[in-house]
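Biologist: Could you take me through this structure slowly, telling me what each term rests on as you use it?

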Amino acid sequence: MTIILNPISIFMTHLSNYGNDRLGLYTFELLVDFLRRWTNLRLSTSTPLELGQKYFQLFPNDREAIWQNPCIDKRHQEIWSKEKTCDRLPNFLIIGPQKTGTTALYMFIKMHPSVVSSLPSATAYEEVQFFNGANYQRGLDWYMEFFPPQLNHSTQVLFEKSACYFAAEPAAWRAYALLPHAKLITVLINPADRAYSWYQHQRAHHDTTAFNHTFFEVVSAGPTASLTLRSLQNHCLQPGWYAYHLERWLHHFPPAQLLIVDGHQLRANPAEVLDVIQSFLELKPYFNYTKALTFDPEKGFWCQVEGGKSQCLGSGKGRMYPEMDRESRKFLAGYYYEHNIRLSKTLTRLGYSLPAWLHDHLTRNR
C-alpha cells in the first residue's frame, strides 16, 4: 500500500529500525521482486536530490514546511526534547485586521490578572507576526520563545496579537495546523474608515506615496498606476473584504472558536465588550473593567487607570486627522457595497446582529 499510494517513496535507511535490522535489506529485495513479478508498476530510482525535485513537481504545495502542534500526539512528545514544554503556545489570538482598534484591545485584555501576552518583538512592537510572513520559516522554537512559561497552569492564559493575520492568505491554515484549539478574536469597523485610517497611518510614518497622493487618488487608482501606488491601494482596500477573509478562517476553525467584535462598540463602551470577551475566553476570576478604564476627553478614547491616573496608549495611537472627503466616502460606499452584503449574510449565519455601521451602510446604499 505504501508503494501504491505514494508515487515517490524515500526510505531513510539510517533510522535504527532499518539500519540495524539484518533482515532490512532482505525485506526490501523481496518487496522489489514482488512488485516486478506481480504488478504493472514501473520502478525507477534517482539520487535524493533528484527525488526531492520530482516530489515537489508533483506536490508543489508541500514545498513549505507546516508547523504542527507536537503536543497533540503523545508519540511526538516522547521524541521531543525534555527541555521543551507544551505550555508555551498561545490559547487565543487577536488576528486583526489592522487599524480597527486591536492595539487598544490588546492593552485592555492584558489588564486581566489571568492573561499573559507574548513578549514584545524587537521589530514589530507587541506583534510576533509569525503566521503571515517570513518569520514562519524561523520555526516553532523561535515562536515559542515569545511566550513565558506558565506559572499557574489552571488559570493562566497566553495570547498574541498580530493584526496582519486577518487578511494574510496563509495565516489561517498555518495557525490551525499549530493551534487547532485556539480561540480567535477579530475586530471589525466600517471598512471605509479602516482604509482611511491606514492611509493616515502611512502618512504619519512618512510614506512618500501617501504624501504625494490624496486619499481619493489612492483608492481610485487604476491598473496603470505605479506599483507603489497600487501597493498602498491594496493595503487600504483589501483588508476590508471582511466576509472573504472571515470565510477563509472559518474554513479551518469552527465558528465557536471565533469571536467577532464591533470595533465601534469597543471604542464607545470597551468595558461592555470586554465582558463579552471574558465570557468567550472563559477567564477566571471576573475582572471589573468598568473600574479599570476611564474616558480621557483630551485623547478622545478610553484609557486604563493606574494609580488613580489615566494611562493611555502612546502618542502615535488615536491620532486625530481631518475627516474623509465626501468624494472618497461615496467611492468607498460603492466599492464595499457587495462586500458588506456578503458580510451581513455571514454575520447572520453565525448568529450575530448587524453592527450599526453595517446596517446604516446597506440601508443608505440599497
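**The sheet and its surroundings**

Modeller: An open sheet is formed by 5 strands, arranged in the order β2-β3-β1-β4-β5 with parallel pairing. This is a predicted model, in which local features need pLDDT of at least 70 and side-chain atom pairs count only at pLDDT 80 or more, while totals for chains, interfaces and linings use all residues. Residues are numbered from 1 along each chain as its sequence is written, and side-chain values use heavy atoms, with hydrogens and water left out.

Biologist: What makes β2 and β5 stand at the edges?

Modeller: β2 (115-117) and β5 (258-262) each have a single partner strand, so one side of each is left without a neighbour in the sheet. Strands here are DSSP runs of E with at least two residues, and helices are runs of H or I with at least four, numbered from the N terminus.

Biologist: Which strands does β1 pair with?

Modeller: β1 is joined in parallel to strand β3 (residues 157-161) by 3 bridges, and to β4, also in the parallel sense, by 4 bridges. Phe92 stands opposite Phe159 in β3, and the bridge partner of Phe92 in β4 is Lys183.

Biologist: Why is β1 called mostly covered?

Modeller: A residue is buried at under 20% relative accessible area, exposed at over 50% and partly exposed in between, using a 1.4 Å probe and protein chains only; 5 of the 5 residues of β1 are buried, and therefore the strand is described as mostly covered.

Biologist: Why is α6 called roughly perpendicular to α15?

Modeller: The axes of helix α6 (residues 102-109) and helix α15 (residues 270-281) come within 11 Å and cross at roughly 70 degrees. That makes α6 roughly perpendicular to α15, because angles of 65 to 115 degrees count as such, while those under 35 are roughly parallel, those over 145 roughly antiparallel and the rest oblique.

Biologist: Which residues meet where α6 and α15 touch?

Modeller: Leu105, Phe108 and Ile109 in α6 meet Pro270, Leu274 and Ile277 in α15, where contact means heavy atoms within 4.5 Å. By class, this contact of α6 with α15 has 6 nonpolar, no polar and no charged residues.

Definitions and conventions
Axes are lines fitted to C-alpha atoms, for helices over the stretch in contact, and angles run from 0 to 180 degrees between N-to-C directions. Ala, Val, Leu, Ile, Met, Phe, Trp, Tyr, Cys and Pro count as nonpolar, Asp, Glu, Lys and Arg as charged, and the others, Gly among them, as polar. Two strands pair if DSSP finds at least two bridges between them.
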